[in-house]
Amino acid sequence: MNQTDVLVVGGSAAGIVAATTAKSFHPDKRVMLVRREKQVLVPCGIPYMFGTLENSDKNVIPDANLENAGVELVVDEVDAVDPEQQVCTFSNGSQIGFEKLVLATGSVPIKPGWLNGLDFDNVFIVPKSKPYLDSLMTTLDNCQQVVVIGGGFIGVELADEIARNGRQVSIVELLPHVLSLAFDDELCIRAEEVLTRRGVELKCGQRVVRIEGHDRATGVKLDSGEVLDADAVILSVGYRPNSDLARKAGIQCNEMGFIKVNEYMRTDYKNIFAAGDCAEKFSFITRTPKGTMLASTSGAEARIAGMNLYQLSKLRSFQGTISIFCTAIGQNAFGAAGVTEKLAAERGFEIVTGLFEGVDSHPATLPDSRPQLVKLIASVDSGILLGGEVVGGKSTGELTNLIGFLIQNRMTIDGILTSQIGTHPLLTASPTAYPLIKAAEVIAKKRKTVLA
């Protein structure tokens with residue numbers, strides 16, 4: 001039987017980071033990554049294969065990332081894990097022993113069991129499978145009317161990219177607004193306005209009753225009675241953790257289906273870790289269980305797992321999911337970190353918000369200047385930052401990351417107001433009207449009134 005020191009099961013973001021981190025921090029150990037896919041896609045780039053990137057070949061993660069790090073790659077499928085004997089069995093019956101195991105098995109698309117037509121030839125999900133998505137793109141070449149069920153990030157990005165090629169695309173979303181699990185209503189409405197201008201039809205606050213057709217979908221019927229004609233239907237209603245391998249091995253999973261882990265990403269077996277979409281999540285702020293699945297979160301968890309394999313460090317532990325989101329619709333970008341105003345109130349926080357809209361360069365007359373809006377959510381009593389949302393141009397992503405750093409370090413509004421920043425006309429907003437600081441200033445004024 002073959003033997004390795006560290007075995008990582010899963011080849012997407014969490015698997016790659018766990019394996020390369022393990023090799024970096026434990027260079028004397030043999031590290032092997034096993035995945036079933038011949039080629040792995042950049043998860044967040046999948047929607048852009050349908051427009052901007054033109055094909056899936058431009059969205060493949062190079063295997064050189066693993067090879068250059070000294071990680072051995074095996075393309076196979078692990079069928080079973082024996083935690084007691086520390087052995088994995090492959091689909092061909094061969095086995096490999098391990099000292100440490102990292103489960104990074106990811107997630108799989110949800111298929112609503114009550115919905116008919118899931119087996120129709122032109123009804124699709126959005127898995128991280130290159131062959132499957134290539135087939136979907138081929139089908140779309142002959143489609144003019146496409147219905148996307150689900151208005152989360154993937155549904156919105158996919159619909160927008162497909163509409164770029166002149167197709168008629170509709171999004172059906174059960175909630176009142178698209179992206180409403182990540183943003184407060186006023187930002188959701190801005191996103192909807194952009195989507196509408198770009199030719200995407202929105203059907204929000206409506207439920208899909210059934211998929212019309214026989215063998216092939218011809219339309220989607222809504223609870224309003226309206227039928228949307230469709231040459232293809234794409235389901236984007238979320239993902240569930242791919243924890244079946246762990247469950248069969250007797251590794252504990254929580255009530256949401258995630259593999260239970262502690263702050264070091266270790267399972268109930270001390271030599272087995274889990275990271276990424278398959279691993280248990282809880283909120284950094286509210287401490288409640290979370291179902292958030294993000295490649296960035298997966299990377300953070302995987303680094304922590306890789307560093308703690310052979311020696312635990314309290315300084316290298318996972319403190320909870322921040323939920324840092326970004327998306328782009330054309331030239332318009334939207335980002336969020338932490339809790340929304342709505343969620344903070346639901347969880348029982350007494351909060352105060354501040355909103356400021358400026359420009360991402362100065363003066364505003366510079367070419368390519370974009371409006372930049374920042375909304376901050378803070379605790380009334382402590383002034384600690386709980387969340388933030390951004391609308392703007394390309395700088396939105398990094399500004400959202402900055403807000404995420406502030407939240408993780410429990411920075412207060414006063415701390416933000418007294419922080420020093422660097423600015424440049426072509427790269428940032430004006431130092432006299434920096435939206436992040438101005439939004440904090442709005443909160444400071446409100447807190448002064450509330451606490452008086």
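A residue counts as buried when its relative accessible area is under 20%. In this predicted model, Val-8 has a relative accessible area of 0% and is therefore buried. Val-8 belongs to strand E1, which spans residues 2-9.

Beyond its neighbours within four places in sequence, Val-8 is in contact with Gly-15, Ala-18, Ala-19, Met-32, Leu-33, Val-34 and Val-102. Arg-35 stands 27 residues from Val-8 along the chain, and the C-alpha atoms of Val-8 and Arg-35 are 8.6 Å apart.

## Val-71 in the loop between H2 and E3

Val-71 is placed in the loop that runs between helix H2 (64-69) and strand E3 (72-75). With a relative accessibility of 5%, Val-71 is also buried.

Residues up to four places away in sequence being set aside, Val-71 touches Ala-19, Thr-20, Lys-23, Val-31, Met-32, Leu-33 and Leu-66. A separation of 41 Å lies between the C-alpha atoms of Val-71 and Leu-426, two residues that are 355 residues apart along the chain.

## Packing of H1 and H7

Two packed helices are described by the angle between their axes and the distance between the axes. For helix H1 (residues 13-25) and helix H7 (residues 295-307), the axes come within 8 Å and cross at roughly 30°. Because angles under 35 degrees count as roughly parallel, H1 and H7 are roughly parallel to each other. Their crossing is right-handed.

On the H1 side, the contact involves Ala-13, Ala-14, Val-17, Ala-18, Thr-21, Ala-22 and Phe-25. On the H7 side stand Ala-295, Ser-298, Gly-299, Ala-302, Arg-303, Gly-306 and Met-307. Sorted by class, this contact of H1 with H7 has nine nonpolar, four polar and one charged residues.

## Burial of H4

Helix H4, covering residues 153-163, is mostly covered, with 10 of its 11 residues buried. The buried residues of H4 are Phe-153, Gly-155, Val-156, Glu-157, Leu-158, Ala-159, Asp-160, Glu-161, Ile-162 and Ala-163.

## Cysteines

The structure holds zero disulfides. Cys-44 takes part in no disulfide, and its nearest cysteine sulfur, that of Cys-326, lies 9.8 Å away. A disulfide requires two cysteine sulfur atoms within 2.5 Å. For Cys-326, likewise in no disulfide, the nearest cysteine sulfur is that of Cys-44. Cys-326 has a relative accessible area of 38% and is therefore partly exposed.

Conventions: Residues numbered from 1 in each chain as written. Predicted model: local features only at pLDDT ≥ 70, side-chain atom pairs only at ≥ 80, totals over all residues. Heavy atoms only, no water. Buried < 20%, exposed > 50% of the residue type's maximum accessible area, 1.4 Å probe, protein only. Axes fitted to C-alpha atoms, helices over the stretch in contact; angles between N-to-C directions. Helix = DSSP H or I, 4+ residues; strand = E, 2+ residues; numbered from the N terminus. Parallel < 35°, antiparallel > 145°, perpendicular 65-115°, else oblique. Left-handed = near helix turned anticlockwise from the far one by under 90°. Contact = heavy atoms within 4.5 Å. Nonpolar A, V, L, I, M, F, W, Y, C, P; charged D, E, K, R; others polar.
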